[in-house]
Amino acid sequence: MSDLFSLKNKAVLVTGAAGHLGSEMVKALLDHGATVYANTKTEKRFQELKKEISSDASVKLEKAIFDLNNKSKIDRFFNDLPKNKINVIVNNAYVGKSGGTNLSNSIDFDQAFKLSVTCPNYIFKKNLENNSSMKSCTSIINICSMYAHVAPRIKNYPNAKDVNPPFYGASKAA
């Protein structure tokens, strides 16, 4: 039965790997035998994640240090990556400040949408270029939010600046 959920010989790129959800996904993927490329913006965040994950040398945790908004860094990552490596992309990253409609603006919306939709598309295309001879295609897992389906209950938040922004649900639903 354990082979049914085995990710042995599979490589997974997780964006937003050092966040609350991302770090838990990294742990679960490693537990099932995957080699995980943990995307973080900085070496420091990667090292903190690595320390939190395990000191076990058999754990296959690899660096994927680049800002999702920086195409040249993404290009460099894929150029340095062995061919036909990434089997799965977990699109988990999110950027955005909190605050209700009255505290948000179009720049915030554009940044959130770009990170949730445009950047993962670019990563997918770069991975396709890198995996031109793969026998199977890359799977993409988009991490959504319940706010992609329902509006947040404003009364659950102590004040307006702590409310999920209106574009959070929109970007996670896209």
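A nonpolar core is a set of buried Ala, Val, Leu, Ile, Met, Phe, Trp, Tyr and Cys residues that are joined through side-chain atoms within 4.5 Å. The model shown here is a predicted one, and its largest nonpolar core has 17 residues, of which Val12, Val14, Val26, Leu29, Val36, Leu61 and Val90 touch the most other members. Two or more residues of this core come from each of S1, helix H1 (20–31), S2, helix H2 (43–53) and strand S4 (88–91), and the largest share, four residues, is given by H1. Leaving aside neighbours within four places in sequence, valine 26 is in contact with Val14, Ala17, Val36, Ile53 and Leu61. Another core, of 16 residues, lies apart from the largest one and includes Leu13, Ala64, Phe66 and Leu115.

In helix H3 (residues 71–80), the residues Ile74, Phe77 and Phe78 are buried. Seen down the axis of H3, these buried residues fall within an arc of 90°, so they line one face of the helix. The face turned away from that buried side carries the exposed residues Asn79 and Asp80, while the cover over the buried residues of H3 includes strand S1 (11–14), strand S2 (35–40), strand S3 (61–65) and helix H4 (106–130).

| Pair | Centre to centre | Angle between planes | Kind |
|---|---|---|---|
| Phe66 and Phe77 | 5.2 Å | 45° | tilted |
| Phe77 and Phe78 | 5.1 Å | 80° | edge-to-face |

Phenylalanine 66 lies in the loop between S3 and H3, eleven residues apart from phenylalanine 77 in helix H3. Together, Tyr37, Phe66, Phe77 and Phe78 form one aromatic cluster.

Technical notes. Residues are numbered from 1 along each chain as its sequence is written. This is a predicted model: local features need pLDDT of at least 70, side-chain atom pairs count only at pLDDT 80 or more; totals for chains, interfaces and linings use all residues. Side-chain values use heavy atoms; hydrogens and water are left out. Buried means under 20% relative accessible area, exposed over 50%, partly exposed in between (1.4 Å probe, protein chains only). The arc is that of the directions from the helix axis to the C-beta atoms. Contact means heavy atoms within 4.5 Å. Rings of Phe, Tyr and Trp (its six-membered ring) pair if their centres lie within 6.5 Å; planes under 30 degrees apart count as stacked, over 60 as edge-to-face and the rest as tilted.
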